[in-house]
Amino acid sequence: MKKLFFFVTIILSLFLLFSCQGKEKATQPNEVVSPVVNTADAKNEKIKVSIYFWDVAPLKALTPQLEAKFPDVEFEIVSAINDIEYFNFLKDHDALPDIIGMRKFSLNDAKYLKKELLDLSRTEVAATFHPSYLEQNRDEDGSIRWLPTCAELEGIIVNKEFLDNLNLSLPTTFDELLNCINILKENGLTPFITDYAYDYSCLTISQGSNIPQLMSVDGVAWRQKYESEKAGEAVGLDREVWLPVFENLFKFFEATDVDESDLEFSTKDITNKFINKETVMIRGTGSDCFNFSKTMDVAFLPFFGETPRDSWVYSYPIAQYAVNKKVATDSRKYEVVMDILEEMLSLEGQLNTAYGAPMLSYTISSSPNLSSVFDPIADTVKANHIYMRIASTTFFTTTKNVVQGIIKGDYKTPEEAYDAFDSTLKSAKKSNTANIIYTSDVSYPYGLTENGNMAESSILNTIVKNVSLDPEKLTPIYDNSLDNSINFDIGIAITGLSISPVFEGPYTELQLRRLVNGRSTTVYFELTGEEVDSLMSELIDLRKNGNNPIRHRNFIPVTSGFSYKIKDNQDDSYTYLGSDLDKEKVYKVLLCGNFGVLNDYTFCGTPLSEGMQAKKKSINTMIWKMIIELAKNNVKFEKPNNYLTIE
């Protein structure tokens with residue numbers, strides 16, 4: 001397959017209404033900020049830069065790249081959450097990081113952050129993008145505050161073996177796809193299935209059913225209006241644009257014989273059925289298709305229109321990046337942050353973000369290659385027919401509800417489905433009226449100090465001192481209702497338990513949930529002090545194969561009920577030096593964290609030893625659930641303790 005020169009999103013004539021200012025190479029943001037100063041002292045101490053990512057994925061290859069390229073930067077890398085409301089929460093407490101990375105993104109959701117972010121439109125890094133794509137991220141005032149990294153692809157993955165057996169060619173139009181599906185059914189085959197239980201699958205199939213309509217002049221005009229929705233407004237659907245989308249969706253559902261049983265499929269179910277040749281086609285990502293191609297004859301199809309020239313590739317950025325406006329108040333830090341952003345958006349940075357997955361680039365200079373399984377979309381890409389999904393939080397939720405409602409028979413016609421979707425959007429005014437379930441009278445900062453992370457220490461102490469276990473079921477107890485319950489003596493948190501400071505003030509249930517890493521789960525041990533020291537060595541020391549459990553500084557374990565010492569080896573590794581525990585005493589130990597990060601060879605690659613694995617007992621409760629239950633029982637945040645000494 002020929003090398004793909006670049007990735008461009010078509011923006012039709014509507015955007016000519018906007019004054020697209022020419023890109024200039026700039027060293028300062030194109031807006032008024034506080035006076036620029038240089039806070040670097042004569043010692044040229046390291047500049048601290050905080051980056052909050054949407055998930056753990058960038059820890060695989062992107063953050064190691066950044067740390068290698070910027071040895072004079074002290075990075076605070078946080079594996080946060082894929083929810084723009086999390087950053088609104090941080091904004092409300094004046095705690096936004098220097099660089100924000102979001103995967104599930106839309107301008108509609110991001111409008112509440114706009115005033116806190118730099119306008120990047122005249123920066124050097126913005127100049128690397130094709131201007132027509134940047135229009136999709138341009139606010140009404142002409143600013144561009146979010147820049148995309150590489151694109152994830154979604155489409156229809158087909159097992160060509162079935163088509164070859166029936167002398168069928170790959171379809172090139174929507175009607176040809178429907179005809180192909182009918183022939184497959186006539187031959188006793190299941191033509192297509194997907195996991196409609198998930199919002200992203202509903203989003204892909206519904207929008208993918210008629211992308212030419214969504215990318216028409218009227219479609220682009222409606223989308224710009226929706227993405228520019230003001231706070232408190234609620235823009236509904238445009239009937240001329242959207243009714244044909246629902247009409248095609250109904251045709252597709254009818255052809256593929258969708259029924260309520262399709263709502264029971266998980267992603268794993270779909271994958272297994274495709275591998276076992278129980279279906280000819282599924283919805284999948286470019287990564288899925290590439291992986292299937294190792295053992296199967298597959299092809300990746302676009303979403304079709306009336307003619308082959310009307311086909312579109314459905315895509316979304318793996319992430320969008322923004323920069324905190326406060327960065328510009330320090331000239332040295334601003335230059336460093338912009339260099340970091342440029343590195344993140346370089347071809348190497350994009351490839352490391354995708355971590356080997358097939359992707360396309362939004363920049364002019366980056367030109368990744370795709371394997372031959374993507375030949376069916378080559379002409380579509382060359383024609384710049386790349387569609388970027390509408391992905392606001394409200395759109396995700398509404399699409400899932402309406403698509404599943406169609407499948408259940410709640411909406412029997414395209415008109416009924418359209419009306420349901422439209423009325424939901426119009427009534428979905430944004431508000432912050434969620435119930436307050438807890439009010440904190442303390443605040444503790446996030447970030448590693450010479451004595452530990454105070455926010456994490458407070459959270460862990462709160463759990464250890466106020467949660468007990470049912471001795472038979474090993475389930476959490478929050479109200480001391482059992483006389484023989486197991487009370488924890490000590491706690492250990494790994495892989496970055498907290499993802500924000502502890503703030504003083506009111507919390508909703510969702511805001512409490514956002515205090516901690518959403519993937520942190522729990523296990524229970526009974527260990528002697530000597531065995532706890534052995535466990536801590538496993539959680540801190542380099543392994544013999546060179547793998548490092550401390551992937552970043554904020555992975556240094558947090559402890560409750562004891563303190564310990566480590567040595568900084570000055571090479572991004574640490575050595576455990578011991579604790580103040582009684583070596584003979586048996587302790588009841590809570591260990592919590594994202595064990596997937598610890599175990600996976602692409603992250604830390606440092607699973608617990610067989611001896612420790614044999615001693616652990618799973619509690620199977622997420623940390624965020626414990627926090628919420630404690631709040632409902634009027635438990636206050638505990639004070640942190642100085643648990644760490646770094647030599």
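## Around Ser-579

Leaving aside residues up to four places away in sequence, Ser-579 touches Asp-533, Phe-562, Ser-563 and Tyr-564. Please keep in mind that this is a predicted model. The serine itself sits in strand β23, which covers residues 574-579. Is Ser-579 buried or exposed? Its relative accessibility is 18%, and because the cut-off for buried is under 20%, Ser-579 counts as buried.

## The largest pocket

Now to the open space. The largest pocket holds about 1,100 Å³ and has a lining of 36 residues. Which of them lie nearest its centre? They are Arg-103, Glu-152, Thr-285, Ser-287 and Tyr-316.

Several elements supply at least two lining residues each: the strands β5 (151-159) and β7 (281-285), together with the helices α7, α11 (267-275), α12 (286-292) and α14 (347-354). Of these, α12 gives the largest share, with 5 residues. By class, the lining of this pocket divides into 16 nonpolar, 8 polar and 12 charged residues.

## Helix α7

Helix α7, one of the elements that line the largest pocket, spans residues 199-208. Why can α7 be called largely enclosed by the rest of the structure? The reason is that 8 of its 10 residues are buried. The buried residues are Ser-201, Cys-202, Leu-203, Thr-204, Ile-205, Ser-206, Gln-207 and Gly-208.

A search of the whole structure turns up 7 cavities of 30 Å³ or more. The largest cavity contains about 90 Å³ of space. Its lining is made up of Ile-156, Phe-174, Leu-177, Ile-205, Gly-208, Ser-209, Phe-252, Pro-302, Phe-303 and Phe-304. Two or more of these residues come from each of α6 (174-186) and α7.

How many charged residues does the lining of the largest cavity have? There are none: the lining has 8 nonpolar and 2 polar residues. The lining of the largest pocket, for its part, includes 12 charged residues. Helix α7 gives residues to the lining of the largest pocket and to that of the largest cavity, with Ile-205 and Gly-208 among the residues around the cavity.

Definitions and conventions. Residues are numbered from 1 along each chain as its sequence is written. This is a predicted model: local features need pLDDT of at least 70, side-chain atom pairs count only at pLDDT 80 or more; totals for chains, interfaces and linings use all residues. Side-chain values use heavy atoms; hydrogens and water are left out. Buried means under 20% relative accessible area, exposed over 50%, partly exposed in between (1.4 Å probe, protein chains only). Helices (H or I, at least four residues) and strands (E, at least two) are DSSP runs, numbered from the N terminus. On a 1 Å grid over the protein atoms alone, a cavity is a set of points where a 1.4 Å probe fits but cannot get out, and a pocket is an open set with protein on both sides within 12 Å along at least five of seven lines; lining residues have an atom within 4 Å of a point. Grid points are joined across faces, edges and corners, and a volume is the space filled by probe spheres set on the points. Ala, Val, Leu, Ile, Met, Phe, Trp, Tyr, Cys and Pro count as nonpolar, Asp, Glu, Lys and Arg as charged, and the others, Gly among them, as polar. Contact means heavy atoms within 4.5 Å.
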